[in-house]
Amino acid sequence: MKYETVIGLEVHVEMATKTKLFCACSAQFGAAANENVCPACAGMPGMPAVTNKKAVEFAIAAALVTNSNITPTMSFDKKNYFYPDLPTGYQITQLFAPICRDGWVEIETAEGAKKITLKQIHIEEDAGKLVHDNRIGASLVDFNRASVPLVEIVSNPDFRTAEEVVAYLEELRLLLSFAGISDCKMQEGSMRCDVNISVRKIGDTKLGVRTEIKNMNSLKAISAAIAYESQRHMDALETGEETLVQETRRWDDAVGETLSMREKEAAADYRYFPNPEIMPVEIDADWIEVVRQGLPEPAQDKFVRLTQELGLSEYDSSIITGSKNLSDIFDGALKHFGRPKEVANWIIVELLSIAKGDNKGEGDIEIDCEKLAKVMQLVDDKIINRAMGKKLLGLVWKEGIDPAKYVEENQLGMVSDTSLIDSTIQTVLAEQTKSVNEYKDGNKKAINFLVGQVMKKLAGKGDPNMVNGLLVKYLEDM
Amino acid sequence: MDHYTVFLEDSIMQKDTLVTAGSKMLENFVSPFDATVVKRLSESQFSLAGRVIMDEFGIPSLIFEGNEPLGAVKAVADGTASHALCNDLFGKYRKQATENGCCYIHPTYGTVSRFGLIPLASSMDQIGVVCKNLHDGFALLSQIAGKDPRDGAMFPEESYNYAPTSKNIRIGIPKFVNIETIENFAKNFQTIDIELAHFEAYKQVMYILSCAEISNNISRYDGVKFGHRATSFRGLDDLYIKTRSEGFGADVKLTAIMGTMMLSQKQYAPYYEKAMKIRRLIKESLKFDTYDIIAMPCKISDDPYENLALYALPTLAGLPAVSFAHKGCGIQLIANTKCESALLSAWEVCMA
C-alpha cells in the first residue's frame, strides 16, 4: 500500500457526578425535558460559577488511569459561540492550563501492543440538546445536559488503523468505567468521539490535509467512517479529482458517507479567554494521593484476581472484567451466593442471553443481584431445576419478581414424589411408541424428546437428571 | 438616621421582581431568586425600599456624560434612601456621589457576594454602597460582606470588622495629581509623592478588559431563553441579529463590538493579553509598605474617558476605595486589599 492513514481522537466522556459542573442540578441522564434546570444552567445572569469538587476529583482519577502529568494549578477558560443549546453563549472549558497533559494508554491489537500518547485531558461543561418538533415546526431546547461535567481526552495522531481506534476506545471505556469516572455509554452519549483523519504517502513525515468527523457515538460507525474517509482522501490524492480541504464533516450512517459541514466552519473564532469568575484550582500531591487511594480495582487487577484467586477461566474472567457493569453484577451476586464459577456461568450463559433477547448490551443490564443469587441458590438446593431457574431469572429481569416467593406461590418446586414421576413416564412411554421404537432401533437421541414430554407433563417441575435416569432404565428393560 | 432604607440598582436580583438592568433586553425579566445581598439585608435592620434606574447594564457613555445624576445617587442625595447598592465599574457613581453630597464605598473585590448581581465584567464587578456618610456606609457593608458559597471568587472570611484604625496614616499622592486640587485634604496627613507604574495605560487597560469581559457576559441575551425576543425572524442568525439589535442600546453595542474584537484570534495578543499583563504589573507595582492610602481627586477632566484613569485602580486591582467631598473637592482614597478600616480612619481625620 502506498498510503497510510493518520488518526487522532478527541473523546468526550460525561463524568458520573450527581450534580452538574457549576450548579447543584442533577446530572442524571433520562429526566423529562428541562427537569434538571436552574437559573444558573439556564444561563440567567447573576449566577457565578462554583466548581463541583467531585468533578475535579474524577478528572484527577482520569489523569491517574491514563498516566498523565497533572497540572499543579489548573484554571478554566471561556469559549465563545452562539448556539441555542449553549445557554450563556460561552462554554466553560480549559485551554491554557488543563487538568493534565502527556499521558498514554496501552492498546492491544492483532499487530501487538502499542502506546497511544495523549496530548491533554481537560474538563468542560456539556451543552444542552436541540429537539425538532414537527408538530409546531420549531426547534426546542432541553437544558438537562447543559453544564453536565465532561472530560475531553485529546490523543496525539498516533493511530494508523480503525482497529487501533476501536481498541483504544474500548480500553478507555474500561479504564474510565472501572475507575468510576463514567459509565461510558456511547449510545446514551456519555462517551462521544471526534475523529481527526488525514492520509499521507508512506515515508512522508508531514501530515496530509486533516478533516474532522464530529460526534461519533458507536464503534461500528467509527470504523465505517474511518474506512470511508481514508478512502476518500486516498482517491483525492490519487486521482486529483477532488481537492481536500481542512474541514469538519458529519457521518451519515444511513448513507454510509461523510458530509461537509463547511457552513459552520466560517465563523469559528471562539475568542477563548481565562474565566475571571472561577479561581484557579490548586491540585497538590496530597489531594492526588487521596484520589489515588480511593480508586476502585482496575479491570486488569480484577482479571488477575478472578483467574488466580477465584479460579475462573480466562475466558469467563475476560467477559466479566470486559464490562464494569457485569463486573459489578458479579460482585453483587457473589456476596449472596459464594461460588464464583457458578455466578460467572449464570451471568455469561443465562443473564447475557436474556439481555440479548431484549437488545441490551453488557453495559445496560440492570438486575437485582440479590435476586440473581437467590435463583442460583434455589437451583443449587435442588428446589427447582436449571430450566426453571432460567425462566425465573427471565421473570426477575422483566417483572422484578421475588424468586423464592414466586416458586412457593406458584408451586414450581421440583416434584419429589417418585410415584408421580414413575406414572408419568409410563404414560409417555405408552403414548410415544414412535420415539420408543426409534430408541430401540439404536437412535439413542430419541430419549431427549421423551424427557421433554415427561417434563412437559410435570409442568417443567421434574428433576431432568432423575427423569433421564429412570427413562433409560425403563427403555433398556422394555 | 433612625431608620435605614436601602435602594437597589436595577442590576441586583430580587425575587418575583422586574429586574431589567436598564435594558430593553430584560424589559420582561422577573427574577426567580434573591441576590445574596438582598437576602442578607432582609435579615438585618436595613429595609429594602425600592429600585433605581441605571445606565444600561451599568455601561456609561464614555463620550458624553449627562447632567442628570444616576438613580442611586439621586435617591440618597435627596433623602429618599439612606443607602443605595450598585456596581460601579467605570467610576460614574464615585464621581457623582462626591458632586451630590454623598459618599461611595467600593469594597475589596471578593468580600461582597456577587450572587444575584447581573454581571458586567466578572473580574471587576463589585457591589458598592452610595451613602450619606461613611459610618452609615460601613454599617451597611458589615451586614452584606462575608463569604458566600454561591460566589466562587471570594475571600474566606465570614465577616469583616470595619472599625477605624488609630495609627497615623501615611498618604501617597501620585505624581500626576495637581497637589493644589487636594491641598486642603492633604494637609491633615503625612504625605509622600508616589509613582503609579503604567498610570498612562490605566484607562486603556480598563477599557480593553472591561469591553472583553462585558461582550462575553452579555452574550447570554440572545432571545432564546428569557428577556426580549424579536417578534419576527427567519432562521437562527436572524433571531440573534434582530433580538440584539433591538434589545441593546448604542453604548452596549459599542462595548460588545469592541470586546468581541479584542478577544478575536488576531487581536487577543496585542490587546487582551497585553492588557492582562499590564494589569498584573499595575497590581505588583503598588507599595503599600511605604504608604497606607493613595489619594487622588475624583475628576481631572470633563472628558469621561480621561477620568476613567482615576477609577481604574480599585477596579483593576480589586482594592477598597472610598470617595467623598471634602471642602468642595471630590477625593478618592484607595487602600490595600481588605484595609477598609484605614479608609474610614482617614475620612474621620479629615472630617473632624
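## Stop 1: chain A as a whole

Select chain A: 16 helices and 17 strands are there. Keep in mind that this is a predicted model. Is chain A compact or spread out? Its radius of gyration is 29 Å, well over the 23 Å that the globule rule gives for 478 residues, so chain A is more spread out than a compact globule.

The C-alpha trace of chain A spans about 90 × 55 × 55 Å. Now colour by burial. Of the 478 residues in chain A, 40% are buried. Then look at contacts in chain A between residues at least 6 apart in sequence: 68% of them join residues at least 24 apart.

## Stop 2: the domains of chain A

The domain assignment lists residues 3-282 of chain A as domain 1, 297-409 as domain 2 and 418-477 as domain 3. Stay with domain 1 and domain 2 of chain A, whose centres, taken over C-alpha atoms, are 34 Å apart.

How many residues does each domain bring to the contact? Domain 1 of chain A gives five residues, and domain 2 of chain A gives four residues. On the side of domain 1 of chain A that touches domain 2 of chain A, two residues are nonpolar, one is polar and two are charged.

## Stop 3: helix 6 of chain A

Select residues 299-308 of chain A, which form helix 6. Show the side chains. Which residues of helix 6 of chain A are buried? They are Ala299(A), Lys302(A) and Leu306(A). Look down the axis of helix 6 of chain A: its buried residues fall within an arc of 60°, so they line one face of the helix.

The buried residues of helix 6 of chain A are covered by elements of chain A including helix 2 (162-178), helix 7 (314-320) and helix 8 (324-336).

## Stop 4: where the chains meet

Show both chains. Here 26 residues of chain A are in contact with 33 residues of chain B. Colour the chain A side by residue class. The side of chain A that touches chain B has 16 nonpolar, six polar and four charged residues.

## Stop 5: chain B as a whole

Chain B contains eleven helices and ten strands. Its radius of gyration is 20 Å, close to the 20 Å that the globule rule gives for 352 residues, so chain B is as compact as a globular protein of that length.

The C-alpha trace of chain B spans about 65 × 50 × 40 Å along its principal axes. Buried residues account for 53% of the 352 residues in chain B. Among contacts in chain B between residues at least 6 apart in sequence, 70% join residues at least 24 apart.

## Stop 6: strand 4 of chain B

Select residues 103-106 of chain B, which form strand 4. Cys103(B) and Ile105(B) point one way, Tyr104(B) and His106(B) point the other way, and all are buried.

Now bring in the partners. Strand 5 of chain B (residues 127-131) pairs with strand 4 of chain B in the antiparallel sense, over three bridges. Which residue of strand 5 of chain B is the bridge partner of Tyr104(B)? Pick Val130(B).

Strand 9 of chain B (residues 321-326) also runs antiparallel to strand 4 of chain B, joined by three bridges. End at His106(B), whose bridge partner in strand 9 of chain B is Ala321(B).

Definitions and conventions: Residues are numbered from 1 along each chain as its sequence is written. Chains are lettered from A and ligands numbered from 1 in the order in which they are written. This is a predicted model: local features need pLDDT of at least 70, side-chain atom pairs count only at pLDDT 80 or more; totals for chains, interfaces and linings use all residues. A residue is buried if 20 or more other C-beta atoms lie within 10 Å of its own, exposed if 12 or fewer, and partly exposed in between; C-beta atoms are placed from the backbone. Helices (H or I, at least four residues) and strands (E, at least two) are DSSP runs, numbered from the N terminus. The arc is that of the directions from the helix axis to the C-beta atoms. Two residues are in contact if their C-beta atoms, placed from the backbone, lie within 7 Å. Domain bounds come from an automatic or database domain assignment. Ala, Val, Leu, Ile, Met, Phe, Trp, Tyr, Cys and Pro count as nonpolar, Asp, Glu, Lys and Arg as charged, and the others, Gly among them, as polar. The radius of gyration is taken over C-alpha atoms; the globule rule is 2.2 Å times the number of residues to the power 0.38. Two strands pair if DSSP finds at least two bridges between them.
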